[in-house]
Amino acid sequence: MNGYNFAYLDEPTKRMIRRAILKAVAIPGHQVPFGAREMPLPYGWGTGGIQVTAAILGADDVLKVIDQGADDTTNAVSIRRFFSHVAGVETTTRTRDATVIQTRHRIPETPLTGDQILVYQVPLPEPLAKLEPSRAETKQMHALADYGLMHVKLYEDIARFGHVTISYDYPVMVNGRYLMSPSPIPAFDTLKMNRMPALQLFGAGREKRIYAVPPYTTVRPLDFDDHPFSLTRAPHACALCGATNSYLDEVVTDDRGSRMFVCSDTDYCADRRGEMEGDAS
Amino acid sequence: MTLPLLEAHDLQLQFGSIRALDHVSMALWPGEVLAIVGESGSGKTTLLKVLSGSDKPDAGQVLYRDPELALHDVHAMGAPQLRALHRSDWGFVQQNPRDALRMGVSAGGNVGERLMAQGDRNYGNIRQVALDWLAQVEIDGRRIDDLPRTFSGGMLQRLQIARTLATHPRLVFMDEPTGGLDVSVQAKLLDLIRSLVSRLGLAVILVTHDIAVARLLAGRILVMRRGQVVETGLTDQVLDDPQHPYTQLLVSSVLQA
Amino acid sequence: MAYVAVKGGERAIDAAHDWLARTRRGETAVPEIKTDQIAEQLGRAVDRVMAEGSCYDRDLAALAIKQAQGDLIEAAFLLRAYRTTLPRFASSRPVETSAMLIHRRISAIYKDLPGGQVLGPTYDYTHRLLDFALAADADSAMVPAAVPSSTEADQSPPAVTPRVLDMLQAEGLMGAEPQSDAVPGDITREPMSFPAGRDIRLQALARGDEGFLLALGYSTQRGYGNSHPFVGELRMGDVSIEIEPPELGFAIDIGRITLTECEMVNQFGGSKTEPPQFTRGYGLCFGHGERKAMGMALVDRAMRAEELGEDADAPAQDIEFVLYHSDNIEATGFVEHLKLPHYVDFQSELETIRQIRRRAETKPDTGAGEPQ
């Protein structure tokens, strides 16, 4: 695009972000402060993820952007357009074909490979923020691995409701050292992060933090031995592809309580339907 | 012969022109209750802060002997080690329980926090320990899921004690633990502290301005004035036959009152 | 099926942008507003957008206001997003506000003082009566002509108008600020960290939201961190910007900008060893922005509570709280992002709440799964 550098950011800024990414990869789960720039999209729309993607994108990359698991949600469309505009890279909706996948709130159902990078958009990188608002204090807690408070929160949930009520952005321990926010993905997706072959990068633009989970790193949700982490999904099959193992969106179809359940991952669903049609023919 | 649990050598600390600690030395043996008494401004709270590692002295050393008898310089260890010590071997009972408790977390969660910080990951076990401790400090187990803000002042202080003792510390620092309470509530709490301390064989460093509290709980006493230790010895001995004029004054003022 | 096959994302965005463009233009029978009209006639809006957009360019700010339909935070955002792509040629030398070409200068703490009180273009003493003459296509001939004041007629304006607080400082009554040639921090390049120095604090406030600073400053007056402020001086006018290119070795004037500066005099600190002194709260912003500069000065002083040995328990005194929430571009982004789809998270919440309710219905006695 005329007047702007490849992938919008200038090269020194990209270098600065890549340095932060390298540091993040070297200390899995640790939040690295970086000089986040003001982007032409608003804070909260994924400026952190966009900056990470812009910093790692090469001319040969194939980019996929999803929001809520879908390629066609408005914000996913908008970010994909931004990169076709400013980087001219090839884009795809197919998980298998993408080299870089930027996501908001989901991990694709199709297992990722070592040739892929998953970039998460992160609103609040600090997993302790809801318990302790001061960043100066939480920084200290991370330095001392002082995470008893997070367990207190889980204890309180069980005492009150019988089980942990955190249903998304479920806190995880990375590499046995740092407590990390996986971004607001549903708890259903949490275990996909563990020992994932793909590099996982997390960008928080407004909060100016980058963190990472390198390939094949241990990621464990916090839990108790006698109340192990459990994931929830709507107890249905996808109305379109029949999948019983995918995360489902609930779609309200009238105002009398009718609803249908369909895959949140639109590419996965379409792929399965393609397969089924193929089988039928 | 047993070795001291905690030793302080020639501590000095100056705030502006005020000598808060003036060449203070002391030692504490396992299972012993030591009271630090003096008026406000005598340096007793400063001494407690320096002994427990939260304030650094200008000069002097505080040494802690761990269960394997290894000595640790409290002010030379890093923040992570000090924090680990504070949530394992050591405990701290604040004058105001609201400073120590999490008021938005249930009684059970408050007692369980130290267990969880030490790595206990069994909910049932944490809950059982919390129930046991609530019973030991005479709080009804049915209140385990209640928030502390529904508790009375005396209950809050007992909850703080349960929270502090749940991980079986060897050494507990107490800063005016009966400070803000009514006389009748104080008496009951002192009784409870005395029985817990003797049953658990705790070593305690207790700061108080109240000679009666010292007499009831402490085996040994250390009298401070203007940053200096003016007299130290067995509690009964010091209080019944004070040698230093300042101690005499302290004791007589209690008698008059 | 129509509910599910939502494939219209791209078309919807295009259509929305078209509609937005039509809305922005409004009724085409009404002549289109020109950016020079905005720059000339909506000067205070332009000033605010330059201050919060932290980019001094009246024409670009006017363009941003036009493009944003007068939504000033949106306009500041447009300006910021443009500014971030610009190369940095140089840092200016510190501006010298005592050499300001004064348009307005008042002190509330002296009746008269060197340089005088200059009322300037202020709404302060206007009666807030709607002027219907402005609604009728008022002619520019109705605008009063500039009349030279008696002072101006008698003598040329002084080259230097001394700052009131400097006079107090010379008397030893005002705490001196530490002088430093250190390069100040820049929160647009490096993320904030705490404790944050005064350079960082002042930069954040200068870019901060006027409404936020106004409300926080107001809260300090109502007892949430009171520091007993007086307006030592409020001045607005033009200052020269100088840069010193390394290859030249001397400073050159690259232009003039309008600034508003406010220095508040606050109650004294002091101790047994140090005699009491007044303390300073400082506010400075682009353009004519008295409300902003005054709010900033109140909040700057409030944030010095800890350094001056005061209790720091009011919101305006909590540095981390103030700095993390003063930026309206960040704030509006995070508040407004709640509009984006969150149905995946909400679905998780739905399943969890249904699960808890099922459990509560099957075991009506205990939510906690334990005998009471």
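**Entry 1: ground rules**

I work with a predicted model, in which local features need pLDDT of at least 70, side-chain atom pairs count only at pLDDT 80 or more, and totals for chains, interfaces and linings use all residues. Residues are numbered from 1 along each chain as its sequence is written, chains are lettered from A and ligands numbered from 1 in the order in which they are written, and side-chain values use heavy atoms, with hydrogens and water left out.

**Entry 2: the two domains of chain A**

I began by looking up how chain A is divided. Its assignment gives domain 1 (11–221) and domain 2 (233–281); such bounds come from an automatic or database domain assignment. I found the centres of domain 1 and domain 2 of chain A 26 Å apart, taken over C-alpha atoms.

Next I looked at how they touch. In chain A, 15 residues of domain 1 are in contact with 10 residues of domain 2, where contact means heavy atoms within 4.5 Å. Together these two domains of chain A bury about 1,000 Å², and carbon and sulfur atoms give 44% of that. Buried area here is the accessible area (1.4 Å probe) that two parts lose on being put together, summed over both. Which three residues stand out on the domain 1 side of chain A? They are A:R106, A:E109 and A:F188, which supply 43% of the area that domain 1 buries against domain 2, more than any other three residues.

I then checked the charged pairs. There are two salt bridges between domain 1 and domain 2 of chain A, a salt bridge being a side-chain nitrogen of Lys or Arg within 4 Å of a carboxyl oxygen of Asp or Glu. I also noted that A:D271 forms a salt bridge with A:R96, with the closest N and O atoms 2.9 Å apart.

**Entry 3: chain A against chain C**

Here I moved on to a contact between chains. How many residues does each chain bring? Chain A gives 66 residues and chain C gives 47. The area buried between chain A and chain C is about 4,800 Å², with 57% from carbon and sulfur atoms.

I counted seven salt bridges between chain A and chain C. A:E38 and C:R80 form a salt bridge, and their closest N and O atoms are 2.4 Å apart. Across this interface of chain A and chain C there are also 18 residue pairs in polar contact, both residues at pLDDT 80 or more. A polar contact is a pair of N or O atoms within 3.5 Å; within protein, one must be able to donate a hydrogen and the other to accept it, and residues adjacent in sequence count only if both atoms are side-chain atoms.

Among the elements that give two or more residues to the chain A side are α3 (74–86), α5 (148–161) and β12 (259–263) of chain A. The largest share of that side, six residues, comes from α3(A). Helices (H or I, at least four residues) and strands (E, at least two) are DSSP runs, numbered from the N terminus.

**Entry 4: a sheet in chain A**

I traced an open sheet of seven strands in chain A, with the order β1-β9-β8-β5-β4-β2-β3 and mixed pairing. β1 (32–33) and β3 (90–91) of chain A stand at the edges with a single partner strand each, so one side of each is left without a neighbour in the sheet. Two strands pair if DSSP finds at least two bridges between them.

Strands β8 (residues 199–204) and β9 (residues 209–213) of chain A pair in the antiparallel sense over five bridges. I marked A:L201 as standing opposite A:A212 in β9(A).

Over all chains the count comes to 64 salt bridges. In one of them the side chains of A:R104 and A:D67 meet (2.8 Å, N to O). A:R104 lies in strand β4 (residues 100–104) and A:D67 in strand β2 (residues 62–67) of chain A, so the pair ties together parts that are 37 residues apart in sequence.

**Entry 5: the two domains of chain B**

Last, I looked up chain B, which is divided into domain 1 (6–89 + 169–256) and domain 2 (101–168). In chain B, 17 residues of domain 1 are in contact with 16 residues of domain 2. The two domains of chain B bury about 1,400 Å² between them, 66% of it on carbon and sulfur atoms. I found zero salt bridges between domain 1 and domain 2 of chain B.
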